[in-house]
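Thanks for coming. I will go through one structure today, starting with its charged pairs and then turning to the nonpolar part.

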Amino acid sequence: MPGFPKKVIDSLRDGKMLGIRAGAEHRFIGIWVVVVEGRVFVRSWSLKPRSWYRTFLEEPRGTIVVDGRKIEVRAIHTRSERLKKAVDKAYLIKYNTPGSVKYAKDLGRKKSRDTTTELVPV
């Protein structure tokens, strides 16, 4: 399965926010994103009924915005404990400012860990 081009991976790794739209009906929102082993991962902090995460569970296609360019993606639920641990670490390293670290830690708790989602280009 081919992944994102290196330029996109670099932008996602270096940028703090990712514009994402789950399905076709939702609006774009900003979420945190990490890159692990050259792969793109996101987690949901909130599990509201109309959240991007729950929408992806029903319809795994969506769109992200990287450097002003829209890219269609497919969301794949991550089951690997090894990858989840690597994603935990990546969030703590990337989002390490005093105002962010509390939320980065929350994203490593079971509720959010269970939402670990890989985004792949369509």
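Asp-88 is a buried residue, because its relative accessibility is 17% and the limit for buried is under 20%. Keep in mind that this is a predicted model. What does the side chain of Asp-88 meet in a salt bridge? The partner is Arg-113, with N to O at 2.9 Å. This pair links distant parts of the chain: Asp-88 sits in helix 3, residues 81–94, while Arg-113 sits in helix 5, residues 110–113, and the two are 25 residues apart. Arg-113 has a relative accessible area of 14%, so Arg-113 is buried as well.

Next, another salt bridge. Arg-109 pairs with Asp-106, and their closest N and O atoms are 2.2 Å apart. Asp-106 comes out at 15% relative accessibility, so Asp-106 also counts as buried.

Is Asp-14 buried or exposed? Asp-14 is exposed, at 55% relative accessibility. Arg-13 is partly exposed, because its relative accessible area is 41%. The count of salt bridges in the model comes to 11.

Now the nonpolar side. In soluble globular proteins, nonpolar side chains tend to be buried together. Here the largest nonpolar core has 32 residues, and Leu-18, Ile-64 and Leu-119 are those with the most contacts inside it. Several elements give two or more residues to this core, including helix 1 (6–14), strand 1 (18–22), helix 2 (52–58), strand 5 (61–66) and strand 6 (69–77). Which element supplies the largest share of the core? That is helix 3, with four residues.

Take Leu-18 as an example. Leaving out residues up to four places away in sequence, Leu-18 touches Ile-64 and Leu-119, and its other contacts include Leu-12, Ile-29, Gly-30, Val-42 and Val-66.

Last, Val-120. Val-120 lies in strand 7, residues 117–121. Its relative accessible area is 5%, so Val-120 is buried. How far is Val-120 from Phe-4, in sequence and in space? They are 116 residues apart in sequence, and 7.0 Å apart in space, C-alpha to C-alpha.

To recap the charged part: Asp-88 and Arg-113 form a salt bridge, and Asp-88 is buried, whereas Asp-14 is exposed.

Conventions: Residues numbered from 1 in each chain as written. Predicted model: local features only at pLDDT ≥ 70, side-chain atom pairs only at ≥ 80, totals over all residues. Heavy atoms only, no water. Buried < 20%, exposed > 50% of the residue type's maximum accessible area, 1.4 Å probe, protein only. Salt bridge = Lys/Arg side-chain N within 4 Å of Asp/Glu carboxyl O. Core = buried A, V, L, I, M, F, W, Y, C linked by side-chain atoms within 4.5 Å. Contact = heavy atoms within 4.5 Å.
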